[in-house]
Amino acid sequence: MDRLSGKVALVTGGGRGIGRAISEAFAREGALVGVLDLKEEIAQEAVDHIVAQGGQAFALACNVAVREDLFAQVEKLKAHFGPVEILVNNAMWNRYGPLAEQTEIMINRMIDVGFKAVVWGYQAVLNDMISAGGGNIINIGSPSSVLAMKNGVMYSAVKSAVSGLTRSGAAEFGEYNIRVNAIAPTSTPTEGAKLVVSEEAWENRRKRMPLGRLCSADDIANAAVFLASDEASFVSGHVLFVDGAATFAFS
């Protein structure tokens, strides 16, 4: 339970769903976790839970799409725990629907949170990682990056871009011993996802899964722990599909 002992980690969108599961898993493995979310109370609630379980965490709040705000939160975490050694770019904002009905505001927000914020995250931690002689960046992608998706054109486009940022970042930052990987999870019934997908629909998805069950947030968090740990010290530029074989079984 000490695979990340003493490591300073920042998880964007870390207060809910997949991000919270990653934050909690990192803390269990000994990391000092910066839980960043749009709303401070959401980040703080996750931090309180982590601390109650014996972990160490610090609440941060900002809109990750605003470059200077994200930089400021990284500096705040640095002053509290130290420089970021593990960055998880998890935050995303999405709206499904026919492309013809997507407004400019919706499209801009998907790009700002899902793509630009990943770039800002890179830039916010790179200098400290280079100075430290290495680091670890994990992006949250999607199987939609390799599959055509009706009513999800922009989501697929953004997640495809994240895969590109992952591969290119790994190639560019490798000389500094900075590893960059991504996790591409299948549909996961988090609290937020359950609000927009019916129980019947989740059951239909479960029946189609080759492994006979749905993905859980803990499945994704366990993969993140592996990628962040020394066990994955020669894994970089990889998009890890945590999907129970669903992507290629259905394609």
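Which residues does T12 touch, not counting residues up to four places away in sequence? The contacts of T12, where contact means heavy atoms within 4.5 Å, are L36, V64, V88, N89, N90 and A91. This is a predicted model, in which local features need pLDDT of at least 70 and side-chain atom pairs count only at pLDDT 80 or more, while totals for chains, interfaces and linings use all residues. Residues are numbered from 1 along each chain as its sequence is written, and side-chain values use heavy atoms, with hydrogens and water left out.

T12 belongs to strand β1 (residues 8-12); helices (H or I, at least four residues) and strands (E, at least two) are DSSP runs numbered from the N terminus. With a relative accessible area of 4%, T12 is buried, a term that means under 20% relative accessible area, against over 50% for exposed and in between for partly exposed (1.4 Å probe, protein chains only).

The description now turns to strand β5. Because six of the six residues of β5 (residues 135-140) are buried, this strand is largely enclosed by the rest of the structure. In a regular strand the side chains alternate between the two faces of the sheet. On one side of β5 lie G135, I137 and N139, on the other N136, I138 and I140, and all are buried.

Strand β4 (residues 86-89) runs parallel to β5 and is joined to it by four bridges; strands pair if DSSP finds at least two bridges between them. Here L87 is opposite I137 in β5. From β4 the chain passes through helix α4 (residues 104-132) to β5 in a right-handed β-α-β crossover, meaning that, with the strands pointing away from the viewer, the path from the first strand over the helix to the second runs clockwise.

β5 also pairs in the parallel sense with strand β6 (residues 178-185), over six bridges. In this pairing I137 is opposite V180 and I138 is opposite N181. Strand β6 is mostly covered, with eight of its eight residues buried. Beyond this, β6 pairs with strand β7 (residues 239-242) in the parallel sense over four bridges, and A182 stands opposite V239 in β7.
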